[in-house]
Amino acid sequence: MVTAYDATFARMLDEGGADVLLVGDSLGMVVQGQETTLPVTLDEMLYHCRAVARGSKRAHLVGDMPFMSYQVSPEEAVRSAGRFLAEGGMHAVKLEGGAAMAPTIRRIVAAGIPVMGHVGLTPQSVHAMGGFKVQGKREEDAQRVLEDARAVAEAGAYAIVLEGIPSELASHITAELPIATIGIGAGPHCDGQVLVCYDLLGLTAERVPRFVKQYEHFYQNGLTAIARFKHEVQEGVFPSAEQSFGTIPERATPAAAGGLQASGTPDGSEPVRG
Ligand code: KIV
């Protein structure tokens, strides 16, 4: 599973073989430049979901329910979740929280909407956790994470994200739960793994967290590309004739041009793209 926020990335990640595209509320940080995911709204999430749905053909699509779109009441949660499917083109929703969220998960599932859970380090509770900290390191905290995961599974979730917990705990939960676990900063023993696509592709300027592996260096490559573009514009190298449009000589006819218009289109106009 990887995150996606727009149609172009969705197309690339889908074609590249990602099984699940998560439109994560992490877009608040990597797309909007916010410090946390808390300011992201439901309408903003739906905007990105629609873009991802247009770009992807094959992957299972999961929409992340943003802060305060499901915490107030199960009724509101069902309504918000429904919008992800009806308006956002998603196949399922993800929400954060354990035992306290079980009744809400049950209601959303009963409405016919598949739910992916999310326990351990839950970024929407950043202030309650005192920061983005690994959870479940102490025995009693590990027990709480385990009980949260059990509650989410019992409430009917079909999969669960385990974020920022020790590997042994994630391994224990994976062995015990009948549903798929998807880890991020939770070690190698989960059923699947998820990364934020900007982290995976090396698209972030900042240092990445320890649990991230960068498979590419898009940010660095982008800097090089921009510098080359600027240099070529300043030196008059770009655009060359190859990237420029010509005019059709006034008396030229298709016959005179050997049966071909200047661009091959019926009216002689050149397609600008494609
Ligand atoms: O918002 C997000 O991208 C997530 C994943 C990192 C699991 O919740």
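User: What is the handedness of the crossing of α4 and α5?

Analyst: The model is a predicted one. In it, helix α4 (residues 74–86) packs on helix α5 (residues 102–110) with the axes 9 Å apart and an angle of about 45° between them. The crossing of α4 and α5 is right-handed.

User: Are α4 and α5 parallel or oblique to each other?

Analyst: The angle between α4 and α5 is about 45°. Angles under 35 degrees would count as roughly parallel, and 65 to 115 as roughly perpendicular. The two helices α4 and α5 are therefore oblique.

User: How does α1 lie to α3, oblique or parallel?

Analyst: Two packed helices are described by the angle between their axes and the distance between the axes. For helix α1 (residues 7–15) and helix α3 (residues 42–55) the axes are 7 Å apart, at an angle of about 45°. That angle makes the arrangement of α1 to α3 oblique.

User: Which residues of α3 make the contact with α1?

Analyst: α1 passes α3 in a right-handed crossing. From α1 the contact takes Ala-7, Thr-8, Ala-10 and Arg-11, and from α3 it takes Ala-51, Val-52, Arg-54 and Gly-55.

User: How many charged residues does the contact of α1 with α3 have?

Analyst: Arg-11 of α1 and Arg-54 of α3 are among the residues that make this contact. Arg counts as charged. By class, the contact of α1 with α3 has four nonpolar and two polar residues, and its charged residues number two.

User: Are α7 and α8 roughly parallel or oblique?

Analyst: Helix α7 (residues 139–154) and helix α8 (residues 167–176) have their axes 10 Å apart and pack at an angle of about 30°. Because angles under 35 degrees count as such, α7 and α8 are roughly parallel.

User: Which residues of α8 does α7 meet?

Analyst: The crossing of α7 and α8 is right-handed. Ala-142, Val-145, Leu-146 and Ala-149 are the α7 side, and their counterparts in α8 are Leu-169, His-172 and Ile-173.

User: Which strands does α7 lie across?

Analyst: α7 runs at about 175° to β5 (115–120). The sheet order places β5 beside β6. The strands that α7 lies across are β5 and β6.

User: Which strands stand at the edges of the sheet?

Analyst: Eight strands form an open sheet, paired in the parallel sense, in the order β1-β2-β3-β4-β5-β6-β7-β8. Each edge strand has a single partner, so one of its sides has no neighbour in the sheet. The edge strands are β1 (2–3) and β8 (192–193).

User: Which residue of β7 stands opposite Ala-159?

Analyst: Strand β6 (residues 159–163) pairs with strand β7 (residues 180–184) in the parallel sense over five bridges. Opposite Ala-159, the β7 residue is Ala-180.

User: How many charged residues are in the shell around the ligand?

Analyst: The residues surrounding the ligand include Asp-25, Asp-64 and Glu-163, along with Thr-3, Val-161 and Ile-184. Five residues of the shell are nonpolar and three are polar, and the charged ones number three.

User: Where does Met-68, with its positive phi, lie?

Analyst: Most residues other than glycine have a negative phi. Met-68 is not a glycine, yet its phi is positive, about 75°. Its place is the loop between β3 (60–64) and α4.

User: Which peptide bond is cis, with omega near 0°?

Analyst: Most peptide bonds are trans. Pro-239 is in the segment after α10 (218–234). The cis bond runs from Phe-238 to Pro-239.

Key:
Residues are numbered from 1 along each chain as its sequence is written. This is a predicted model: local features need pLDDT of at least 70, side-chain atom pairs count only at pLDDT 80 or more; totals for chains, interfaces and linings use all residues. Two strands pair if DSSP finds at least two bridges between them. Helices (H or I, at least four residues) and strands (E, at least two) are DSSP runs, numbered from the N terminus. Two residues are in contact if their C-beta atoms, placed from the backbone, lie within 7 Å. Axes are lines fitted to C-alpha atoms, for helices over the stretch in contact, and angles run from 0 to 180 degrees between N-to-C directions. Angles under 35 degrees count as roughly parallel, over 145 as roughly antiparallel, 65 to 115 as roughly perpendicular and the rest as oblique. A crossing is left-handed if the near helix is turned anticlockwise from the far one by less than a right angle, and right-handed if clockwise. A residue is near a molecule or strand if its C-beta atom, placed from the backbone, lies within 6 Å of it.
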